[in-house]
Amino acid sequence: MGFPIYRPRRLRASENLCAMICETDLSVKDLIYPVFVVPGKNVKREIESLPGNYHWSVDRITKIAEKVVKLGIPAIILFGVPSYKDATGSSAWDMKEPVQQACKAIKKKFPDLVIITDLCLCEYTDHGHCGVFDGCSVDNDKTLPLLSKVALSHVKAGADIIAPSNMMDGYVQEIRGTLDKAGFKDIPIMAYSAKYASAYYGPFRDAADSAPSKGDRKSYQMDPANSDEALREVELDIEEGADIIMVKPAMAFLDIVRRVHDTFNLPLCVYNVSGEYAMVKAAAEKSWIDEKRIVIETLTGFKRAGAKMIITYHALDAAKWLGAK
């Protein structure tokens, strides 16, 4: 059936008609907002490389949680900047540190807000790597029990979902086993299953003070050129007990998002990472783009590719724009 019998423009004649046949629905409920919690008192400090996002101290963390709740965003993901660092990242499982204290404070005031905690050691080690580092490489198997310690501390503090981002082999199995033995069988794991060694992470590493002091993370994060490998990584995490799977970054890896969605019947999250956000903000500041339209189009693209959840620094603005539709 072709022109003139079929005219696609007939169904684009009005905004309401377009809405009626819209194939992809983007909602505030799809969004997860990243929050950085830091040591100190009365801290609300804008992150220079992530304009519009802030470092928050525990005593002020409920202010941003309240804003998230009022906008209808269902979840946050917490990242911590510790008060001390060492070779093993022991501050990551210290119950007195910012992430654990923030979980307690937020849960007390907003019990229905879903708290996801990022689980990695890079922010907490003095060398900036995601595990036990011998000066040349990360020891995968020595790192696994440390990750379990962190997971258990987060759950005891009130975290609803554990999101391990370390890309160690066997990490989901290790964490799942530890949580189950401790009586936390109902805590989901959101696995950073396909996490690439990407150049898009720069602003985050500035915000979390997590850049490696020596070397890089290419020995444990994925080569951006690889696609089939992502499917193998995702399959392994599912077999080990992952409840939600993730592709990170999002924009340059939408082909991976689609392949993962089409291959596995599990909720899929994407991380619209710091470099992706910063590029949009920089272009918008120069009036080179329409920020609102670009953001909504980008987030819709993630949903169209198969994502169910979107971690994004745009969440607060996007929630306002979606609510105003």
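Mentor: We may; please bear in mind that this is a predicted model. In it, Phe36 stands opposite His55 in β3.

Trainee: How many bridges join β1 to strand β3?

Mentor: Strand β3 covers residues 54-57, and His55 of β3 is the residue opposite Phe36. The two strands run parallel, and the number of bridges joining them is 3.

Trainee: Which residue in β4 stands opposite Val35?

Mentor: Strand β4 comprises residues 75-80 and runs parallel to β1, with 6 bridges between them. The residue of β4 opposite Val35 is Leu78.

Trainee: Which residue in β12 stands opposite Leu31?

Mentor: Strand β12 (residues 309-312) pairs with β1 in the parallel sense over 2 bridges. Opposite Leu31, β12 places Ile310.

Trainee: How many residues of strand β1 are buried?

Mentor: Consider each face in turn. On one side Leu31, Tyr33, Val35 and Val37 are buried, and on the other Ile32, Pro34, Phe36 and Val38 are buried, so both faces are covered. Strand β1 (residues 31-38) is therefore largely enclosed by the rest of the structure, and its buried residues number 8 of the 8.

Trainee: Is Arg7 buried or partly exposed?

Mentor: Arg7 lies in the segment before α1 (15-20), and together with Arg9, Arg10 and Arg12 it forms a positive surface patch. Buried would require a relative accessible area under 20%, and exposed one over 50%. Arg7 has 38%, so its class is partly exposed.

Technical notes: Residues are numbered from 1 along each chain as its sequence is written. This is a predicted model: local features need pLDDT of at least 70, side-chain atom pairs count only at pLDDT 80 or more; totals for chains, interfaces and linings use all residues. Side-chain values use heavy atoms; hydrogens and water are left out. Patches are made of residues with over 30% relative accessible area and no salt bridge: like charges are joined within 9 Å, nonpolar side chains (Val, Leu, Ile, Met, Phe, Trp, Tyr) within 5 Å. Accessible areas come from the Shrake-Rupley method with a 1.4 Å probe; for residues, only the protein chains shown count as cover. A salt bridge is a side-chain nitrogen of Lys or Arg within 4 Å of a carboxyl oxygen of Asp or Glu. Lys and Arg count as positive and Asp and Glu as negative; His and the chain ends are not counted. The place of a charge is taken as NZ of Lys, CZ of Arg, CG of Asp or CD of Glu. Helices (H or I, at least four residues) and strands (E, at least two) are DSSP runs, numbered from the N terminus. Buried means under 20% relative accessible area, exposed over 50%, partly exposed in between (1.4 Å probe, protein chains only). Two strands pair if DSSP finds at least two bridges between them.
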